[in-house]
Amino acid sequence: MRRIFGAAKTKEPAPTIDESADRLQGRSDKVDEQIIKIEQQLTVLKDQIKKTRPGPSQEGYKRRAIQLLKQKRMYEGQRDQLSAQNFNIQQTQFTVSNIKDTVGTVQALTGASKEMKRMFKENKELDLNRIDALQDSMSDMMDLSREINEAMGRSYDVPDDIDESDLMAELDALEEDMGNEEAVKGAVPSYMQEPEMDMPAAPSAQAYQHPADANALQAEQYVPAPGGSVPLGLEALGVQHQGGQGGTNAWP
């Protein structure tokens with residue numbers, strides 16, 4: 001049967017959009033190379049036309065230049081067609097890439113949605129009613145803590161009949177006194193001054209007397225009693241007592 005009808009031909013897979021874009025870009029590059037070569041030849045022919053005199057040689061150069069110009073226009077037309085096809089391919093590539101990205105995004109969101117549903121189902125802590133109850137409980141505990149702090153900071157033995165207006169008047173008077181005292185340079189406010197106390201006067205340098213001088217003065221002024229003894233301190237200074245009535249002091 002294969003000899004009569006022949007074997008079925010295998011179809012080649014259709015080129016992908018990336019392969020088509022690469023192939024069009026390669027053809028466009030080759031056309032650009034042909035155009036560059038023609039421009040180089042035209043530059044040489046222009047120089048030759050300028051250097052030669054009018055005649056058959058110059059006419060030959062001109063015919064060759066015209067031929068090259070026709071080829072250049074043909075290649076430029078091909079390049080424009082290839083550029084238009086390449087533009088369409090690029091637009092299609094962008095659309096395909098955008099669709100792929102959209103599909104990937106949708107798949108990612110679908111997986112995330114399933115994961116979120118599973119977490120909400122497995123974790124009872126994510127119940128909105130429980131969260132509201134927790135917030136209310138935290139608020140009540142904060143209020144209770146604030147009341148406890150206020151109670152602990154309460155002052156004791158403070159008279160209840162104190163008038164705030166009297167306190168403000170006293171504060172204003174204190175501020176006025178402070179302002180008046182600060183006006184005097186170097187003055188110490190009255191509330192910082194120490195109370196005056198009656199203290200004995202400090203002994204002066206003139207009133208101080210050496211102990212030896214004091215003992216000598218005491219010896220001069222000493223009058224012994226009849227039959228009495230001389231104190232030890234005065235004996236050290238040479239005071240002697242002579243017994244009997246009408247006795248006298250003996251000095252060295």
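From the N terminus on, the elements of the protein chain run α-α-α-α-α-α-α-β-β, which makes seven helices and two strands. Helices here are DSSP runs (H or I) of at least four residues and strands are runs (E) of at least two, numbered from the N terminus. This is a predicted model, where local features need pLDDT of at least 70 and side-chain atom pairs count only at pLDDT 80 or more, while totals for chains, interfaces and linings use all residues. Residues are numbered from 1 along each chain as its sequence is written, and side-chain values use heavy atoms, with hydrogens and water left out.

How confident is the predictor? The pLDDT (confidence in each residue, from 0 to 100) averages 77 over the protein chain, and 65% of the residues score at least 70. Over residues 242–252 it stays under 50.

Of the 252 residues, 10% count as buried. Buried means under 20% relative accessible area, exposed over 50%, and partly exposed in between (1.4 Å probe, protein chains only).

Now to the salt bridges, each a side-chain nitrogen of Lys or Arg within 4 Å of a carboxyl oxygen of Asp or Glu. The count comes to five, and the table shows some of them.

| Pair | Closest N and O atoms |
|---|---|
| Arg79 and Asp32 | 3.5 Å |
| Lys72 and Glu39 | 3.3 Å |
| Arg118 and Glu115 | 2.3 Å |

Arg79 forms its salt bridge with Asp32; Arg79 lies in helix H3 and Asp32 in helix H2 (residues 17–51), so the pair ties together parts that are 47 residues apart in sequence. Lys72 forms a salt bridge with Glu39. This pair also links distant parts of the chain, with Lys72 in helix H3 and Glu39 in helix H2, 33 residues apart. Lys72 counts as buried because its relative accessibility is 19%, whereas Glu39, at 35%, is partly exposed.

Arg118 and Glu115 are three residues apart in helix H3, so about one helical turn separates them. Salt bridges that share partners join Glu115, Arg118 and Glu122 into one network.

Asn86 is another residue of helix H3. Its relative accessibility is 10%, so Asn86 counts as buried. A polar contact of 2.7 Å joins the side chains of Asn86 and Gln25; such a contact is a pair of N or O atoms within 3.5 Å, where within protein one must be able to donate a hydrogen and the other to accept it, and residues adjacent in sequence count only if both atoms are side-chain atoms.

Notes
pLDDT is the predictor's confidence in each residue, from 0 to 100. Contact means heavy atoms within 4.5 Å.
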